[in-house]
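Open the model in a viewer and keep the sequence panel beside it. The stops below go from single residues to the whole chain.

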Amino acid sequence: MATQNIIPFFGIKRQYANLREEILDCTDKVYSSGRVLDGEYTAKFEDAIAARCDRQYAIAVNSCTQGLILALQCIERPGPVLVPTMSFAATLNSVLMTSHTPEFVDVDYLGLMDLESVNFSLRGRYIAGIMYVNLFGNTIDYDRFRILTEFIGEAPVVIEDAAQSFGASYKGIPSGKMGDISVLSFDPTKNLPNYGSGGMILTDNPTFAATLSDFRDNGKASMHDFPGTNSKMSESDCAQMLVKLQYFDEWQERRNAIATYYTQQLSPYVDVLGPQPDVTHAWHKYVLRVHSQRSKLKHHLELKGIETKIHYPQPLDTLGVGAMYAHEGVGQNSAMLSKESLSLPIYPELRDSEVEYIAEQITEYFAGHRQQFDLPLIPIH
C-alpha cells in the first residue's frame with residue numbers, strides 16, 4: 001500500500017457512499033411531507049432506541065451535551081456531582097452549566113471511573129449525583145457500582161454518560177439502561193452516527209421523563225411555569241437514523257472482528273484497553289496504551305498513511321474550566337492515560353487489507369520486521 005493512500009480515522013464518507021440512495025430517499029419523504037419536526041420519525045426513532053436499551057422512555061434531543069445538562073436539571077437539590085477525570089469536555093461542561101458543582105474522581109487503568117475513589121467520596125456526605133462515563137465503549141463494573149450507590153442514606157441520582165457505549169452491555173444489561181438517567185450521543189464520530197448532532201435521554205422514571213420532555217420543549221407542557229430550552233432532533237435526522245439502525249448489528253459485528261484482529265496482533269507489543277469482565281464492548285474507539293514513544297509511533301503511522309488520534313490529551317481537571325475544582329492526589333491515573341493513549345481507526349468500512357496494514361505497521365515499528373497475517377475477518381458485504 002502506497003503511503004499516499006491515506007487511511008482516514010473516521011468512516012463517514014464511506015458509510016454515506018454505501019447508504020446514499022436510502023438516505024436521500026427517506027430525506028425526500030420527510031421534506032415532501034411538510035412535517036420536519038416533532039413527527040412520526042422522531043417518535044419511531046425514540047421507540048426503537050428505547051426498545052434496544054430496554055427503557056420505558058426515550059427523549060430525542062439536539063446533542064448528548066444538552067441531554068446531560070437536562071438530566072442534571074432533574075436533580076432538585078444542588079450539590080456535588082462526581083465526574084471522572086478522563087472524558088470529553090462535555091461531561092464536565094454539562095455540570096458547570098447547571099446549579100451543581102463537579103467533584104473529580106480518578107479513573108482506573110482502563111479509563112473508567114475508579115470505584116474505590118467513588119466509595120471514598122460517598123462516605124458520610126450529600127452527593128447530588130454521579131455521572132460516570134463508559135469510556136471508549138467499555139462499561140463500568142455495574143454490579144459493584146450499584147452496591148456502592150444504592151445502599152446509602154440519600155442515594156445520588158446516577159447519570160450514565162453513554163455517549164461512547166451504545167451497543168455495549170454488562171451481563172446482558174444494555175448500555176443506556178445503567179443509570180437513573182442515561183444519555184446517548186449520535187455525533188458523527190459515534191458508532192451510530194448522525195450527519196449533524198443528536199442525542200437521546202433514556203429513563204424508566206415517569207417523573208423524570210415528563211420533566212425532560214418539558215425541558216426540551218421550552219416548558220410548554222407545564223404552561224411555562226418552569227423554564228426550558230429548544231433541544232430536538234429533526235424529522236430528517238430521525239428518518240436517516242432509522243435507516244442506519246437497520247445496519248447497526250452488522251456494523252458492530254464488523255467492529256468486534258477488527259478489534260479482535262488488532263488485539264491478537266498487537267497485544268505482544270502494547271496494552272489494549274479492552275473490555276471489563278462480563279462486558280460486551282461497543283468498540284467506539286480502539287485505544288492502545290503506549291508506555292513510551294507514543295509520539296514517535298504516531299508519527300511513524302502518519303508517514304505510512306494511517307490517521308490516528310489521541311483521546312484525550314488533557315484530563316478534565318487540567319482544563320481551564322476544570323482547574324479550580326482539581327484536588328491534589330486526584331487524577332494521577334488519568335494523567336498517565338493522557339500521555340499513553342493512542343486510538344486507531346476502527347469502523348465497519350475499513351477493508352481487511354487496511355486493517356492488516358495498520359497492524360503490520362505497528363508490529364513492524366516495535367519488532368523491526370514484517371509479520372505475516374492470515375486471520376480472516378468478517379467480510380464487508
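Where is the place of P277? Select P277 and the segments on either side: P277 is in the loop between β10 (271–272) and β11 (279–280). Helices (H or I, at least four residues) and strands (E, at least two) are DSSP runs, numbered from the N terminus.

This is a predicted model, in which local features need pLDDT of at least 70 and side-chain atom pairs count only at pLDDT 80 or more, while totals for chains, interfaces and linings use all residues. Residues are numbered from 1 along each chain as its sequence is written, and side-chain values use heavy atoms, with hydrogens and water left out.

Stay on P277 and show its surface. P277 counts as exposed because its relative accessibility is 62%; exposed means over 50% relative accessible area, buried under 20%, and partly exposed in between (1.4 Å probe, protein chains only).

Next, select S185, which lies in strand β8 (residues 181–185). S185 has a relative accessible area of 9%, so it is buried. Draw a distance from its side chain to D187: a polar atom of the S185 side chain lies 3.2 Å from the backbone nitrogen of D187. Then show the residues around S185. Not counting residues up to four places away in sequence, S185 touches C64, A162, A163, K190, L192, G198 and G199; contact means heavy atoms within 4.5 Å.

Move to S94 in helix α4 (residues 89–96). Is S94 buried or exposed? S94 is buried, because its relative accessible area is 0%. Leaving aside neighbours within four places in sequence, S94 is in contact with T65, L68, I69, L72 and M131.

Zoom out and colour by pLDDT, the predictor's confidence in each residue, from 0 to 100. The protein chain has a mean pLDDT of 93, with 95% of its residues at 70 or more. Select residues 369–376, where the pLDDT is below 50; beyond near neighbours in sequence, this stretch has 17 contacts in the model.

Of the 381 residues of the protein chain, 55% count as buried. Among contacts in the protein chain with a separation of 6 or more, 73% are between residues 24 or more positions apart.

Note on methods
A polar contact is a pair of N or O atoms within 3.5 Å; within protein, one must be able to donate a hydrogen and the other to accept it, and residues adjacent in sequence count only if both atoms are side-chain atoms.
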